[in-house]
Amino acid sequence: MTEKTHASLAIPPRDPNEGRALPPRGREWKRTKIVIVIVLVVLALGALRTVVSDIMQSHAVAATTQDNAKQYVSVVLPKQVEASGNTVLPGTLRGYVESPIYARATGYLLHWYVDIGARVKQGQLLADLDTPEIDQELAQAIAQRDQTGASLGLAKSSLARWQQLRQRDAVSQQELDERQSTYTQDVANLTAAEANVARLRQLESFKRITAPFTGVITQRNIDVGDLIDAGSGTSRALFALAQSDPLRINVQVPQAYAEGIAEGQTAIVTQAELQGRKFEGVITHVSGAIDVPTRSLEIEVRLPNPDGKLRPGAYVQVAVHGESRMRLMVPGNALLFRAEGPQVAVVDANGNVKLHTITIAQDLGQTLEITSGIAPTDRVIINPSDSVADGDHVEIAEPQKAAPANAASSKAASSTKGVS
């Protein structure tokens, strides 16, 4: 119908916009659901991210804890060194004869004739003593001897007269026996008096202090006017005398090197202060037994010293010949001290620790010479902890590489340039 028709029928005209339909309510609900789903998905993704992060963090903590629980150690292989056949041992030079000289008589020192460093011969006068007590005792003993001699003369003449009287029966046998006993007693008294005089004269001769052997004076402990006591109990030595040619050295050879040591072998002696010089000695005495506390064999080396270059008391190194063999050397900081004896910790192929009891042939300070207990292929732990035990699992740490020398020098040069 047209508008005219509508007007004729009294129907109002229709608004042209009235016929456009509004969005239905279902479409709005659909949009709402989409928004809700998106929000839920975002929340789920956030929760999933949090859970994954927690799981990854817990795994990282577990891995870190496991890494921290691992025990890392540094290992070295025993170094094989071929022995040269000579064993170098420490020793101290001694005079072939050494003796402190004491006084045999008590008195005052009148004079001394030699000082330290003096070379003296056997019987040479070293000092004089003043012994007034001994002199008076000797004079008294001589007088007593003379008195006893006079009594003996009278007893002898009386015995001769009484023997003649007895032949004429003028005296009894008892009286003759008494005269005989008196004579015999006087003879014994004279012998004792002469022995006492000889003793005191011998004691008086000790006022002259003489050298008992040829050597060099190494000590002088007296001066003029000192009171000298006889004997060596509480008194001090007047002199110390040493024979410096030849010298002798007493050396303790470890049990591991004792085999093959015999008298007559040559020993090379060196002294640190005499660089480049070697002195040849001979083994003159070998102890017949191993010393139990030290597990060593004592030997004596005789060393000629005609020029006096070596001095008694000096520290020297003695090289004695031994058997040639391969030796295993390990660092000294690999040693463990346990009740079972000296041990080292070895890491096997599975990373487990095994404690090996070893036998130390020689302690060289920073290194140890081992004769038994380890093999050349064993991985020995250095600086092991005190708590290490058999069966512990360890990880071997990678050795750190040293920085190149040129890098260090360039760094030092740059720092110096910056300072300047």
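Me: Which side chain does a polar contact of 2.8 Å join to the side chain of Arg302?
Reply: In this predicted model, Arg302 is found in strand β13, residues 296–303. Residues touching Arg302 beyond its sequence neighbourhood include Pro246, Leu247 and Tyr96. The side chain joined to that of Arg302 by the polar contact of 2.8 Å belongs to Tyr96.

Me: Is Arg302 buried, partly exposed or exposed?
Reply: Buried residues have under 20% relative accessible area and exposed ones over 50%. The relative accessible area of Arg302 is 29%, so Arg302 is partly exposed.

Me: How many Å apart in space are Arg302 and Val282, C-alpha to C-alpha?
Reply: Val282 is among the residues that Arg302 touches, as are Gly281, Thr284 and His285. In sequence, Arg302 and Val282 are 20 residues apart. In space, their C-alpha atoms are separated by 5.4 Å.

Me: Which residue is the bridge partner of Asn86 in β14?
Reply: Strand β3 (residues 86–101) and strand β14 (residues 315–321) run antiparallel and are joined by seven bridges. Strand β11 (residues 266–270) also runs antiparallel to β14, through four bridges, and there Thr270 stands opposite Gln317. For Asn86, the bridge partner in β14 is His321.

Me: Which residue in β9 is the bridge partner of Tyr108?
Reply: Two bridges join β9 to strand β4 (residues 107–112), and the two strands run antiparallel. The partner of Tyr108 in β9 is Leu227.

Me: Over the ring of which residue does the charged end of Arg220 sit?
Reply: The structure holds zero aromatic pairs. A charge does sit over a ring, however, with the charged end of Arg220 placed 3.9 Å from the ring centre. That ring belongs to Trp112.

Me: What does helix α3 reach, in Å, from its first C-alpha to its last?
Reply: Helix α3 covers residues 132–167, a total of 36 residues. At 1.5 Å a residue, the expected span is 52 Å. The helix comes close to that figure, reaching 53 Å.

Me: Which helix do the buried residues of α3 pack against?
Reply: Among the buried residues of α3 are Ile134, Leu138, Ala141, Leu152 and Trp162. After the helix comes Asp169, whose phi is positive, near 60°. The buried residues of α3 pack against residues 173–205, helix α4.

Terms used
Residues are numbered from 1 along each chain as its sequence is written. This is a predicted model: local features need pLDDT of at least 70, side-chain atom pairs count only at pLDDT 80 or more; totals for chains, interfaces and linings use all residues. Side-chain values use heavy atoms; hydrogens and water are left out. Rings of Phe, Tyr and Trp (its six-membered ring) pair if their centres lie within 6.5 Å; planes under 30 degrees apart count as stacked, over 60 as edge-to-face and the rest as tilted. A charge sits over a ring if NZ of Lys or CZ of Arg is within 6 Å of the ring centre and within 35 degrees of the ring normal. Two strands pair if DSSP finds at least two bridges between them. Buried means under 20% relative accessible area, exposed over 50%, partly exposed in between (1.4 Å probe, protein chains only). Contact means heavy atoms within 4.5 Å. A polar contact is a pair of N or O atoms within 3.5 Å; within protein, one must be able to donate a hydrogen and the other to accept it, and residues adjacent in sequence count only if both atoms are side-chain atoms. The expected span of a helix is 1.5 Å times one less than its number of residues. Lists of a residue's contacts leave out its neighbours within four places in sequence.
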